[in-house]
Amino acid sequence: MELAERNRPSDWYCDRADCDGLPHDRWTWNHARGKQRPPDGDWFIWLLMTGRGFGKTRCGAEWLLNKARDYQSDYACVAPTWRDVRLVCAQGPSGLLEFMWDDELADYNKGSGDITLRNGSIIHLASADQPDRLRGYNLAGAWGDEFAAWRYPAAYDEGLIPSLRIGPQPQLCLTTTPKLTKLMLRIVTRGKNPDDSAVVLTTGSMWDNKANLSDLAMDELRRSYAGTRIGRAELEGELIEDVDGAVTTLDVIDEHRIRDNKDVPDLVRIVVAIDPAVTAGEDSDATGIVVVGKGVDGHGYVLADYTVKGATPKQWAKKAAAAYRLWEADRIIGEVNNGGDLIAFTIHTVDPRLPSQSVRATRGKRVRAEPVSALYDLGRIHHVGAFADLETQLCTWTPEDPESPDNLDALVWGCYALGLAVGGDWASLFAPQRDSHARVEDQKALPAPRPGSWANVYSKGKKDRRALTRGDKDDTG
Ligand SMILES: Nc1ncnc2c1ncn2[C@@H]1O[C@H](COP(=O)(O)OP(=O)(O)OP(=O)(O)O)[C@@H](O)[C@H]1O
Ligand SMILES: [Mg+2]
Ligand SMILES: [Zn+2]
């Protein structure tokens, strides 16, 4: 069907939210399926992570064009390389130019990569390889294709995100086949968190688009790859995220994740665990601040991550003290060799009444994370909600990495302090106590199990705890 014959303005989106994309009514051609439509709600980032051939590129192109039609402004289209963005996203068979209306294109400057629409909107093509070129734009929307293949996180963090700041609803659509990068994991984790409405994740497989793909080619791919890792990622669109040597995998975290606070059992103890930065300032380490609880079932519950970057000791101590109060915690915890004394000292300058305690994890980095890794495998650690940075570290950090993951270290100290990592698994049954990986100083001094129900504690301070996560409460005493 000729473009000109179509009824505008919606060739691609029909009036059915859950359409299968096959012709009906006046949409006599194949058009967007339900999953190819932008999600409802007030989202900021839509991550469309699917298998090959799902129609991702088309989806991004059509979505961006619709934005550019609706509101005259500047937009960006970003792909892994300059070549990709021109040959696939702009000029390709699923690209922007292909789906423009007959009289819609005012100009396409191949040199600068500017596509100008008749209504005055400009779509700037950019390469994720050159993160600096993205700086300085004022964008009302952007589409990023093959996001998992972007070489520099800066193209996203420093280029795209800060530029999305004008228009009625600046939004970013990211389309990609799944591949584990730290950046991907961060966004996927947010997408899976039902409390984080800013990021929406849509997944799908190649088969979803079978009406528009060659049967022969699909059969061939199925024969070659079905059941393999490549097949799971490239055809089914599954994010395979086991990094050899990492503490755990997102699958394991997901399996034991708690989405509804009502499912958290009563907690007998709650600690705020800290891994302090050695120096304060822009480029310094972060100070890991993680709140962990121990349930009546003996399992660990990760409740919050208030890790801060570039904070002075006084700032992180205040944050930890606020976390201590909001969660009605029993102790603030540090590791002896990792600033344990400094923590006690600093915390007491903020509030001398706060109980702090040191744990000792005697062995090297590799070994001390191992019991925690075992806890995850055994399904004895539950994340209450989702913690993007922490989870990225858990799934990608290996002891070979020089950079020390602060949130992860804090979590490890918290697990030790709660006695989760000692005596909780089979290995420790056979290990004499003095050989075990850690010992909790002054274990006897820990308070008796907490009275009252967890659900009450949670609902009481919920808003404040969210604010603390966002950093609004940095300066509260
Ligand atoms: N709902 C749809 N209706 C009609 N055609 C569609 C639909 N979705 C996708 N297509 C077509 O399917 C083909 C594949 O789409 P596209 O190139 O966007 O897939 P992709 O997921 O980006 O693939 P790749 O993984 O290779 O990048 C294109 O010809 C596209 O126009
Ligand atoms: Mg594509
Ligand atoms: Zn339809």
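Asp132 sits in the loop that joins β5 (122-127) to β6 (141-145) in this predicted model. The residue has 11 C-beta neighbours inside 10 Å, and since a residue with 12 or fewer is classed as exposed, Asp132 counts as exposed. Glu158 lies 26 residues from Asp132 in sequence, while their C-alpha atoms are 8.2 Å apart in space.

The chain as a whole contains 14 helices and 16 strands. Of its 477 residues, 45% are buried. Among the contacts with a separation of 6 or more, 74% are between residues 24 or more positions apart.

**Helix pairs**

Two packed helices are described by the angle between their axes and the distance between the axes. Two pairs are set out below.

| Helix pair | Residue ranges | Axis distance | Crossing angle |
|---|---|---|---|
| α4 and α11 | residues 182-192 and residues 388-396 | within 9 Å | roughly 130° |
| α8 and α9 | residues 313-326 and residues 336-350 | within 9 Å | roughly 75° |

On the α4 side the contact is formed by Lys182, Leu185, Arg186, Thr189 and Arg190, and on the α11 side by Ala388, Asp389, Glu391, Thr392, Cys395 and Thr396. By class, this contact between α4 and α11 comprises five charged, three polar and three nonpolar residues.

For the other pair, the axes of α8 and α9 cross at roughly 75°, so α8 is roughly perpendicular to α9. From α8, the residues Pro313, Lys314, Ala317, Lys318, Ala320 and Ala321 meet Thr346, Ile347, Thr349 and Val350 from α9. The contact of α8 with α9 holds six nonpolar residues, along with two polar and two charged ones.

**Surroundings of ligand 1**

Which residues are the closest to ligand 1? They are Gly55, Lys56, Thr57, Arg58 and Ser94, within a shell of 18 residues that surround the ligand. How does the shell around ligand 1 divide into nonpolar, polar and charged residues? Eleven of its residues are polar, four are charged and three are nonpolar.

Key:
Residues numbered from 1 in each chain as written. Chains lettered and ligands numbered in written order. Predicted model: local features only at pLDDT ≥ 70, side-chain atom pairs only at ≥ 80, totals over all residues. Axes fitted to C-alpha atoms, helices over the stretch in contact; angles between N-to-C directions. Helix = DSSP H or I, 4+ residues; strand = E, 2+ residues; numbered from the N terminus. Contact = placed C-beta atoms within 7 Å. Nonpolar A, V, L, I, M, F, W, Y, C, P; charged D, E, K, R; others polar. Near = placed C-beta within 6 Å. Parallel < 35°, antiparallel > 145°, perpendicular 65-115°, else oblique. Buried ≥ 20, exposed ≤ 12 C-beta atoms within 10 Å, placed from the backbone.
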